[in-house]
Amino acid sequence: MALYPTSIKAVHLFVDSQSRVLALDSISLCAVPSSVMQPLTALGLLLACAASLGSSAVILENGMPILWAHTAGQLTDLPIENGVLTPDPWHYLHRMSLYRLLIAATDPFMGCMGTNATDSPFWGLPLQFGWMLTSGRLADPTGASTCGLQTGDTMCISTQSWWACQNYFVSVLPFLSAAHQGFMGPGLQVKMQQPAGAEDLCTTYADCSARFPEVMPKWDAFFQGLKDASESPLPDIEKKDALLGLYWAAQMASSHASSVCNARQSHYSSTEVYFAQCWLNAAEYIASAYFQSNLDRSAMFMNPLPGRILQVNDVAPNIPDLSDEENHTLSVFSWMQNINNLLGGTLVRMWGKAMCSRSTRERGKDMLEQVLLNPSYATGSFLSIVTGMATSC
């Protein structure tokens, strides 16, 4: 299978008891004969180029999402049984392959997003997924298995991981919708493999439509919108704005439906759980601004995400083994969540109301960049500006 190359540069992924990446130790496997080459999971290797690794998250490898070069470039690189495509979404390379195939299939319809090959808003999702891998968030948080750890299967995605479960809704569900809409070819049937512990998640388009009826129609609407936009005489800027609105409506529907994963949060520290809640809250602002989550812009926002799972004693902005940028991001996330909670959800609603036109959404994107990435930006002014923008709509 193409997912298991026999001549590669590989790196050991050393993970400590807190699921933090400690080191990447480069070795060469080029001399290993294909006849004795074992699957990557058995070797316990993370395929990636050797790179400088600090405390910040590792989200790119040669300018692309982690292990992108080792994912499936065509459908036939994934398992097929009796004419049905049967990927294993609990294997990192398989799930990342869903993103690669989805981006390739939809790129011909993304002309209004820009002239670069990485302008599709889908690029933010594989970057996010790679961050979950390198930060240890896809590994078994219970300690009951070695899934996702160097001592076990490094490509294994734990069914007990809240992060993996949440990501399922923005990887598997859009892929199934795109396949149903014909983007992967006519008549393609897809059924995801389902290990023990993932029974609360869906595996086919029909199954997902029945279990999550509020989600699949939103993804269907986005993919239909892509088809319609390719034939629309409207200016690209208008098509882009409309498509990003459909895209974020679908992604937020997936995010809200992922509440079925919440029981898995009991495996994490209260600090990590609070960060997860802040992370979801931040997505509400990004979605309302119709953020174009292409590769470059997404990388800018994801670089300062915490490069390890947070422990109960971690208090930003004074977590010593995290970078200043990571500490700043955690502090801002916490501030936004606290203010919104104190206002009974009013800040998120005001922000959504303020994003009422293309011009205010552009201003909103600039504000988010400032508040999230510029430590000198006064957070207090964010609240006053949002209030003013909301009243002017």
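Tutor: Let us begin with what a helix is here: helices are DSSP runs of H or I with at least four residues, and they are numbered from the N terminus. Asparagine 281 lies in one of them, helix α9. Please keep in mind throughout that this is a predicted model.

Student: How many helices and strands are there in the protein chain?

Tutor: The protein chain has 14 helices and seven strands. Of its 393 residues, 55% are buried, and among its contacts with a separation of 6 or more, 72% are between residues 24 or more positions apart.

Student: Is asparagine 281 buried or exposed, and which residues is it in contact with?

Tutor: A residue is called buried when its relative accessible area is under 20%. Asparagine 281 has a relative accessible area of 8%, and it is therefore buried. Leaving aside its neighbours within four places in sequence, asparagine 281 is in contact with Met336, Gln337, Asn340 and Val348.

Student: Met336, Gln337 and Asn340 are in α11. What span should helix α11 have, and how far apart are its end C-alpha atoms?

Tutor: Helix α11 runs over residues 324-342, which is 19 residues, and at 1.5 Å a residue it should span 27 Å; its end C-alpha atoms are 27 Å apart, so the two agree. The buried residues of α11 include Leu330, Val332, Phe333, Met336 and Ile339, but also Glu326, Asn327 and His328. What covers the buried residues of α11 includes α9 (270-288), α12 (346-354), α13 (358-373) and α14 (379-392). After α11 comes glycine 344, whose phi is positive, near 65°.

Student: Where is threonine 379, and is it buried, exposed or partly exposed?

Tutor: Threonine 379 has its place in helix α14, and with a relative accessible area of 24% it is partly exposed. Once its neighbours within four places in sequence are left aside, threonine 379 is in contact with Trp335 and Val371.

Student: What does leucine 173 show when it is read in this way?

Tutor: Leucine 173 lies in helix α5 (residues 172-180), and it is buried, with a relative accessible area of 0%. Beyond its neighbours within four places in sequence, leucine 173 is in contact with Tyr168, Cys202, Cys208, Phe212, Val215 and Met216. The C-alpha atoms of leucine 173 and methionine 216 are separated by 7.1 Å, while the residues themselves are 43 residues apart along the chain.

Student: How should I read the packing of α2 with α3?

Tutor: Two packed helices are described by the angle between their axes and the distance between the axes. Helix α2 (residues 92-106) packs with helix α3 (residues 124-134) at an angle of about 165°, and their axes are 10 Å apart. That angle is why α2 is roughly antiparallel to α3. The crossing of these two helices, α2 and α3, is left-handed. On the α2 side the contact is made by Tyr92, Arg95, Met96, Tyr99 and Ile103, and on the α3 side by Leu125, Pro126, Phe129, Gly130 and Leu133. The residues of this contact divide into eight nonpolar, one polar and one charged.

Student: At what angle do α3 and helix α10 pack?

Tutor: Helix α10 (residues 295-302) and α3 pack at an angle of about 35°, with their axes 9 Å apart, and α3 passes α10 in a right-handed crossing. Here Gly124, Leu127 and Gln128 of α3 meet Leu295, Ser298, Ala299 and Met302 of α10. The residues of the contact of α3 with α10 divide into four nonpolar, three polar and no charged.

Student: Which residues other than glycine have a positive phi, and which peptide bond is cis?

Tutor: Most residues other than glycine have a negative phi, and most peptide bonds are trans. Leucine 67, among the cases to look at, has a positive phi of about 65°; leucine 67 is found in the loop between β4 (64-65) and β5 (80-81), and it is buried, with a relative accessible area of 0%. Asparagine 82 has a positive phi of about 55°, its place is in the loop between β5 and β6 (84-85), and at 82% relative accessibility it counts as exposed. The peptide bond from alanine 316 to proline 317 is cis, with omega near 10°, and proline 317 lies in the loop between α10 and α11.

Technical notes
Residues are numbered from 1 along each chain as its sequence is written. This is a predicted model: local features need pLDDT of at least 70, side-chain atom pairs count only at pLDDT 80 or more; totals for chains, interfaces and linings use all residues. Side-chain values use heavy atoms; hydrogens and water are left out. The expected span of a helix is 1.5 Å times one less than its number of residues. Buried means under 20% relative accessible area, exposed over 50%, partly exposed in between (1.4 Å probe, protein chains only). Contact means heavy atoms within 4.5 Å. Axes are lines fitted to C-alpha atoms, for helices over the stretch in contact, and angles run from 0 to 180 degrees between N-to-C directions. Angles under 35 degrees count as roughly parallel, over 145 as roughly antiparallel, 65 to 115 as roughly perpendicular and the rest as oblique. A crossing is left-handed if the near helix is turned anticlockwise from the far one by less than a right angle, and right-handed if clockwise. Ala, Val, Leu, Ile, Met, Phe, Trp, Tyr, Cys and Pro count as nonpolar, Asp, Glu, Lys and Arg as charged, and the others, Gly among them, as polar.
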